[in-house]
Amino acid sequence: MFIRRFYDDRLAQASYLIGCQQTGEAIVIDPNRQVDQYREVAKKEGLRITRVTETHIHADFVSGTRELAAATGAQILLSGDGGADWQYRFPASDKVELLHDGDVITLGGVQLDVMHTPGHTPEHLSFVVTDMARSPEPIGLVSGDFVFVGDVGRPDLLEKVAGAANTQEAGAAALFGSLQKLAPYPDYMQVWPGHGAGSACGKALGALPASTLGYERRTNWAFKTKDQAVFIASVLDGQPAPPSYFAEMKRVNRDGPAVIGKVALPPALTALELPNALRDGIVLDLRPAARFTEAHIPATLNIPMGGAFTKWAGWLLKYDRDLYLIADNSDVVLTAVQALAAIGIDRVRGSFDTAVITPDTARRGAVGRMADAAGMHAGGRVIMDVRENNEWAAGHLPFAEHHVLGTLAASVEGLDRNTPIALHCQGGSRSAIGASLLGQLGFTDVVNLVDGWGAVGG
């Protein structure tokens with residue numbers, strides 16, 4: 001048996017290629033849109049990708065199932081369990097084969113037993129993997145968003161992002177029941193989850209790439225909680241706010257994502273085209289926050305090209321607006337375009353070199369320190385804390401207003417654009433993004449407190 005884990009750090013998302021080295025057959029589980037990575041490894045290992053599947057209808061990235069099937073001719077396998085309220089709607093031309101609890105997928109000497117594990121979503125499947133050439137005992141569980149290292153999948157997304165009213169408690173109860181299905185399996189069975197630390201699909205995901213069922217039974221709070229009512233209350237408490245783009249992802253992945261082919265560089269544009277880009281779309285500056293603060297084009301949004309790029313792009317960009325990028329070079333542009341495509345933001349119409357930022361066109365951002373926040377507030381400046389709800393609840397400035405970064409644009413919609421504002425987060429990075437967002441929205445007097453709550457509150 002051959003298995004390879006693929007991991008997208010920006011999405012904290014894992015996918016798996018599993019194959020039989022004797023027959024050359026292989027399956028990919030939970031692919032993302034970067035399908036060449038699976039094809040390249042399969043070719044190197046002498047495998048043919050004959051089937052492609054996914055554990056559930058994803059909310060945090062665009063599924064690459066249709067993309068990979070189009071590139072390889074693989075048969076698409078999708079969950080047919082979970083009831084009629086939330087089912088896949090892929091085009092009939094895809095000739096999808098539906099999977100149900102108890103089905104078996106055979107790849108030569110490798111066997112995948114299909115287990116319906118609802119809770120995170122009603123249709124969620126997990127796959128028990130057995131290398132029959134070595135033993136009839138299972139080696140691992142591809143658990144998707146059912147079991148993570150140290151946590152389980154949140155059951156509230158269907159209600160919060162897909163509008164399925166009154167489903168989170170029922171989902172939590174179903175998740176408790178799914179955990180009981182693992183009771184017959186041995187402690188040594190490995191657990192291969194669909195996400196790692198940093199994903200919004202749970203609240204306390206561990207950073208380890210894999211675990212064992214026995215270790216999770218000993219250390220994972222969900223396995224140690226034996227009372228269903230306590231479990232339901234615990235799993236729903238303290239979940240982070242789901243990014244706004246999750247609703248779009250659920251719809252896209254339910255109906256079948258568009259097949260886009262290889263992601264290419266957008267056209268390189270000149271400074272003469274910048275005014276039209278600012279007027280007609282969103283201009284996104286990919287440079288680090290410090291450089292953006294030093295000099296930037298007014299009304300541009302700054303989301304640095306780093307580990308949190310995809311998350312904040314999903315929160316703050318618009319699917320119905322054209323997008324233009326400012327970056328140091330084409331490599332950064334291509335990385336950004338690929339990251340944006342991973343969450344379905346495909347309307348990147350062009351890019352500008354940083355040479356468009358000149359002394360004649362640039363503005364400098366204003367920065368301050370948390371030590372000065374009280375004085376700023378006394379002088380009439382509104383202090384906004386853009387951290388998450390749990391961070392705010394753990395401690396905050398008594399005179400600050402709470403405006404979570406992901407929903408900042410909506411929360412300041414009615415505020416006069418000349419209002420003096422100072423933003424802070426934990427360490428200055430999120431508030432820097434927020435300051436650029438307010439500038440894009442037309443606010444004229446915004447200060448970023450660069451040291452953040454960490455400088456005063458721990």
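Which residue in β14 is the bridge partner of Asp285? In this predicted model, the partner of Asp285 in β14 is Asn302.

## The chain as a whole

The protein chain contains 16 helices and 21 strands. Its radius of gyration is 24 Å, close to the 23 Å that the globule rule gives for 458 residues, so the chain is as compact as a globular protein of that length. Along the principal axes, the C-alpha atoms fill a box of roughly 70 × 50 × 35 Å.

Of the 458 residues, 53% count as buried. The accessible surface comes to about 18700 Å², and carbon and sulfur atoms account for 51% of that surface. The chain carries 40 positive and 51 negative side chains, and the centres of these two sets lie 2 Å apart. Contacts can also be sorted by separation in sequence: among those between residues at least 6 apart, 67% join residues at least 24 apart.

## The four-stranded sheet

Four strands form an open sheet in the order β14-β13-β15-β16, and the pairing is parallel. The edge strands are β14 (301-302) and β16 (348-353), each of which pairs on one side only.

Strand β13 (residues 282-285) runs parallel to β14 and is joined to it by two bridges. In these pairings, Leu284 has Leu301 of β14 as its bridge partner, while Asp285 has Asn302. Strand β13 is also joined to strand β15 (residues 323-327), again in parallel, by four bridges. Here the bridge partner of Val283 is Tyr324 in β15.

Strand β7 pairs with strand β8 (residues 110-116) in the antiparallel sense, over four bridges. Within this pairing, Ile105 has Leu112 of β8 as its bridge partner.

| Residue | Bridge partner | Strand of the partner |
|---|---|---|
| Ile105 | Leu112 | β8 |
| Val283 | Tyr324 | β15 |
| Leu284 | Leu301 | β14 |
| Asp285 | Asn302 | β14 |

Helix α8 spans residues 246-255, and its buried residues are Phe246, Met249, Lys250, Val252, Asn253 and Arg254. The cover over the buried residues of α8 includes α3 (157-162). After α8 comes Gly256, which has a positive phi near 105°.

Ala373 belongs to another helix, α13 (residues 373-378). Is Ala373 buried or exposed? Its relative accessible area is 1%, and because buried means under 20%, Ala373 counts as buried. Leaving aside residues up to four places away in sequence, Ala373 touches Ile383, Leu397, Phe399 and Leu449.

## Two loop residues with positive phi

Two residues in loops deserve a separate description. Lys95 is found in the loop between β5 (75-79) and β6 (97-99). Although Lys95 is not a glycine, its phi is positive, at about 50°. Its relative accessibility is 66%, and since exposed means over 50%, Lys95 counts as exposed.

Asn166 is found in the loop between α3 and α4 (168-180). Asn166 is not a glycine either, yet its phi is positive, at about 60°. With a relative accessible area of 66%, Asn166 is exposed.

Definitions and conventions: Residues numbered from 1 in each chain as written. Predicted model: local features only at pLDDT ≥ 70, side-chain atom pairs only at ≥ 80, totals over all residues. Heavy atoms only, no water. Rg over C-alpha atoms; globule rule 2.2 N^0.38 Å. Buried < 20%, exposed > 50% of the residue type's maximum accessible area, 1.4 Å probe, protein only. Contact = heavy atoms within 4.5 Å. Areas by Shrake-Rupley, 256 points an atom, 1.4 Å probe, with all protein chains shown as cover. Lys, Arg positive; Asp, Glu negative; His and termini not counted. Charge placed at Lys NZ, Arg CZ, Asp CG, Glu CD. Pairing = 2+ DSSP bridges.
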